[in-house]
Each structure stands twice: as C-alpha cells, then as structure tokens.
Amino acid sequence: MGSSGRGPGSGSGHCAFGGPRWSSLTIALGGTADIMPLVEESTLPADPPLTLPLVILGNGPSGICLSYMLSGYRPYLSPDAMHPNPILNSKLEEARHLSIIDQDLEYLSEGLEGRSSNPVAVLFDTLLHPDADFGYNYPSVLQWKLEQQHYIPHLVLGKGPPGGAWHAMEGSMLTLSLGDWMELPGLTFKEWIAGKRRNTKSDRATPEEIASYYKQYVTIMGLQRNFVENTYITSVSRLYRNQDVDELKHASSQSLLSDIESGLEIATKRNWEVCGYQRAADGSHLPFCLFAECVALATGTFDSPARLEVEGEDLPFVYHSLPDFEVAISRGTFNGNVDHVLIVGAGLTAADAVLCAHNNKLPVIHVFRRHASDSGLIFKQLPKNLYPEYHKVYHMMCTQSHTTASNLHSTYVSYPEHCVLSLRPDKKCVIQGASGLKVLKISVALILIGSHPNLFFLKEQGQSIGHIPHQPISCKGNPVHINPYTYEATKEPNLFALGPLVGDNFIRFLKGGALGITRCLEVRKNKKKLNVDSEVVDNV
C-alpha cells in the first residue's frame with residue numbers, strides 16, 4: 001500500500017485527513033491499486049470510497065498488535081525451539097513448516113490453562129512466554145517473518161499517538177509490570193530500552209517508558225501507513241442487515257428484483273459505515289466517513305471511570321483517577337497532619353493508590369466489598385516473586401483489618417466486606433458492613449472500582465453484544481461475547497473485539513486476540529480467492 005500522487009483536491013471528494021500523506025489511501029487488491037479518498041461526510045461523492053477489509057478502532061497495544069500481524073508479520077516455530085509443554089510441543093512439531101496463523105488454533109490451545117478465559121490468548125502467551133506463571137524466564141519459541149503477500153489492508157484510528165491510554169499515564173510516580181510482559185511481538189522491551197536507560201538492571205517499566213515504546217514500535221515496524229491520529233468516532237453502523245435485505249427482496253416486484261440484488265451485493269460488502277472527525281492542529285474538526293467489511297473494537301476500557309452512584313460522589317474532594325490524586329499530592333494538598341485517605345476498590349489501581357499514599361506518608365482507610373481471602377481478587381493471580389509490592393498491599397488488606405483494635409490508629413486500615421453509602425460535604429464518609437454503619441473522617445476519597453468502555457458510537461451503546469443482553473459492556477462483569485477462536489462477536493457478524501473488551505486486561509494476553517482475528521480474516525480471504533478462481537474456471 002503506497003502513497004498516491006493525487007492531491008487532496010483531486011478525485012471525487014476532498015480528503016478529511018490533513019496533509020498529503022492522508023490525501024488518499026492506495027490499497028493494493030488483486031494486483032491493482034485503487035484510490036480511496038477519505039472524504040468529508042458533507043461532500044460524500046456519488047461513487048463512494050472503496051471498502052476497506054478492516055477498520056480498527058483504538059490505537060493502544062491491542063490495535064498496534066493487530067496491525068502488526070495484518071501487515072504480514074507471521075509467527076513460526078523457531079528452528080531449534082522446544083516448548084516445555086510436551087503435548088503442545090508435539091502439536092507444534094506436526095506443522096513446523098506452517099505459520100501459527102495457518103494452523104488450527106482450537107487444536108493447539110486444547111488443554112492449556114492460564115490466566116485468561118480466552119483459549120487463544122493462553123496459547124499465544126505460552127508461545128511467547130513459556131511457563132511464565134511458574135516464574136521461569138524461558139525465551140519465546142517463535143520467530144517472526146515478514147511476508148508482505150499476506151498484508152490485509154486496514155486502518156487504525158486513535159485519538160492520540162499510538163499507545164492509546166498509556167500516554168495519559170505519563171509522569172506517574174509508580175512503576176508497573178515487568179517490561180517484557182508489556183512488550184509487543186518482534187521487538188523486546190529490553191532491546192528497545194537498552195540505549196535509553198543509564199541503569200538497565202531493573203526489569204520494571206514506567207508508564208512513560210511503555211507509552212514511548214508503543215509509539216516507536218509503530219515506526220520501527222513500519223506500520224505508520226496504517227495509523228491515523230487525532231480521530232474521534234461518532235458512529236459505527238451497519239448499512240444493511242440480513243433482515244433489511246430480506247424485507248427489500250420481498251417488497252420488490254419481480255421486474256426490479258435483479259437490480260435490487262445487484263445493488264445489495266455491492267452494499268452488503270460494505271457491512272459497516274464508520275463516521276467521525278479528525279481534530280486539526282488549529283482545533284477545527286474535519287469530518288470523514290469510511291466503509292469497511294469488518295470493524296475491530298480495540299478501544300480498551302479506560303474511557304469512563306466506574307462510579308458508586310452514591311450521595312456526595314461529585315464533591316470536590318472525591319477523585320475517580322489515580323493521576324488526579326498524584327497531581328493533588330504534587331501541589332502540596334496534603335502538607336502537614338491530615339486525616340486518612342479513603343481508597344475504595346480491590347483491584348490493581350486501588351493497590352497503586354495505596355502504594356502511592358504509603359510512599360508519601362499518607363494514612364489510608366481501604367474499603368472493598370469482597371472478603372480479603374476471596375479467590376476472585378486479582379492478587380491471587382499474580383506470582384509473589386514478580387509482584388512483591390502488590391502482595392505487600394494484599395498482606396495489609398488481610399492482616400490490618402479494622403476488627404483488630406491496634407490497627408484503628410495505624411497508617412493503614414482495611415474494611416473488607418464494606419460498602420460506601422454516602423460522602424458528606426464535611427469530609428465524613430458513611431460505610432456499611434455486617435456489623436452496621438460507621439462514620440469515618442477523611443481528607444479525600446479515591447473511588448477506584450474499575451472503568452467502562454464508552455461504546456456510544458454503536459447501536460444501543462454496544463449493549464447488544466455482551467454476555468448479558470441489554471447491559472453495559474464491562475471487562476469483568478459483561479465482556480463482549482465472542483467466538484473464542486476468531487474473536488468475532490457472536491451477536492454481530494463482521495464485528496470483532498479484543499483486549500480488555502473481551503476480558504483480557506493484561507497486555508500479555510491481548511496478543512491472542514490479534515492472532516485469532518488475523519487467522520479469521522486470512523481464512524476468509526483465501527476462501528474468497530478460491531471462489532473467484534472457481535468462477536473463472538467455470539466461465540472458461
């Protein structure tokens with residue numbers, strides 16, 4: 001897919017994306033190059049733009065990894081590799097000459113267990129990081145080859161630079177997961193960071209480093225042509241649904257039937273219409289409209305912080321994000337003796353907040369709904385030797401409960417199996433547990449109980465595609481219901497989802513979604529080519 005020599009004013013419409021680089025999109029299909037101007041919605045030409053095989057919404061690690069594989073990068077078993085799982089290794093040996101993308105993912109993933117509920121995610125993770133959950137640091141058994149004939153044209157649309165929400169976390173005081181668990185295929189984090197740090201002994205990575213790694217990854221891997229920044233999606237809608245096609249056919253007269261069918265054949269290929277605008281440097285909005293055979297949702301779940309929906313939640317001393325709390329600390333809000341910081345939630349972000357408060361010598365009251373020994377707590381999934389700081393927080397959650405009198409004046413007190421009823425303007429919080437109500441004096445409150453994706457651009461805000469019908473999509477409670485091997489939404493054909501939207505919060509697991517989608521599209525492309533070849537033979 002090369003750049004076109006035609007300028008933004010040429011062709012049938014003016015380009016919505018600024019600059020000559022996006023004046024048109026040249027897509028090589030079947031050996032021919034067609035020009036697809038990205039036109040303003042208000043000046044859509046009579047002959048609509050060429051339909052893209054795939055539009056990816058979201059340019060975080062999920063979208064980047066999917067673009068990498070769609071660009072022709074294919075994983076093979078390394079020549080001398082031997083996977084420590086003997087059954088999986090035997091399966092891999094059966095088709096060593098084939099790319100993993102060309103193999104039966106259901107067969108390969110059968111019997112594997114891991115920290116994701118999606119079998120392809122577990123498969124790909126164990127190929128990239130064999131036995132990582134047992135504390136081993138085995139090298140990947142895969143090698144990557146660029147085979148450009150397998151390139152599938154696509155666009156990745158994102159609000160900011162590649163890396164997505166990680167750029168919003170820059171400047172955080174906290175360190176994150178092991179760098180090699182945050183990396184994407186083909187470029188190890190250690191290789192990338194080697195020339196950028198004075199001290200390379202630490203395996204931990206800061207948010208700023210991770211955001212920079214993702215942004216530069218796109219350039220290093222030559223994926224820039226697929227990415228468009230500063231884009232905001234306003235609607236994603238089907239042009240024709242199956243029931244619409246049937247109704248039109250039945251409503252038409254016999255004489256018009258052939259004309260309608262020929263028109264629908266073109267229209268149904270354009271399964272999706274993706275509309276939005278690009279924000280220009282001067283702040284103006286440049287509308288655009290694209291057609292796509294398929295859409296992949298890679299938006300993550302960081303759009304809207306989850307709320308308690310209790311009285312006083314909008315008071316000025318109540319925060320719903322860790323960065324806001326960190327800003328308040330840096331401004332000296334907590335200088336001198338202060339009351340306890342209320343932290344609500346039992347996930348990793350809440351644990352980060354506890355660590356942040358502890359590092360700044362701020363006392364903490366920690367309230368969460370579950371029992372401290374609940375098997376569903378995220379800390380149960382983290383190896384102690386790899387995440388010592390999170391297990392330190394978990395240890396405090398278990399041992400420094402309010403039920404022990406000596407803990408009531410501690411710098412950290414946990415209230416398991418409690419919920420917040422209200423927050424008062426006088427900075428008092430009312431909580432409820434099995435023993436009744438308690439009123440606590442606090443300095444600020446951090447409500448860190450997760451976040452929800454904002455899928456407003458989909459029909460019914462995407463509520464029709466979850467496991468629980470007519471409920472908002474959420475990573476834990478109601479992820480998108482997908483085919484576990486193709487990542488296609490079971491209730492919406494040609495709509496795919498990956499990453500946190502399907503329950504894979506950890507970056508090490510979202511890569512499986514990219515593998516599943518790429519294989520699905522590759523199989524469909526080959527089937528379509530086979531059908532075309534058969535028709536040619538029949539005509540001859």
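Which residues in H11 are buried? Before selecting them, note that this is a predicted model, in which local features need pLDDT of at least 70, side-chain atom pairs count only at pLDDT 80 or more, and totals for chains, interfaces and linings use all residues. Residues are numbered from 1 along each chain as its sequence is written, and side-chain values use heavy atoms, with hydrogens and water left out.

Start by selecting residues 348-359, which form helix H11; helices (H or I, at least four residues) and strands (E, at least two) are DSSP runs numbered from the N terminus. H11 has twelve residues and reaches 16 Å from its first C-alpha to its last, close to the expected 16 Å, where the expected span is 1.5 Å times one less than the number of residues.

Within H11, now pick out Ala 350, Ala 351, Asp 352, Ala 353, Val 354, Leu 355, Cys 356 and Ala 357, which are buried, a word that stands for under 20% relative accessible area, with exposed over 50% and partly exposed in between (1.4 Å probe, protein chains only).

Step just past H11 to Lys 361, which takes a positive phi of about 55°. Next, go to the loop between E15 and strand E16 (419-423) and select Glu 417, which is not a glycine and yet has a positive phi of about 55°; at 47% relative accessibility, Glu 417 counts as partly exposed.

Finally, in the loop between strand E19 (451-452) and strand E20 (495-497), select Tyr 487, whose phi is positive, near 65°, and which is buried, with a relative accessible area of 0%.
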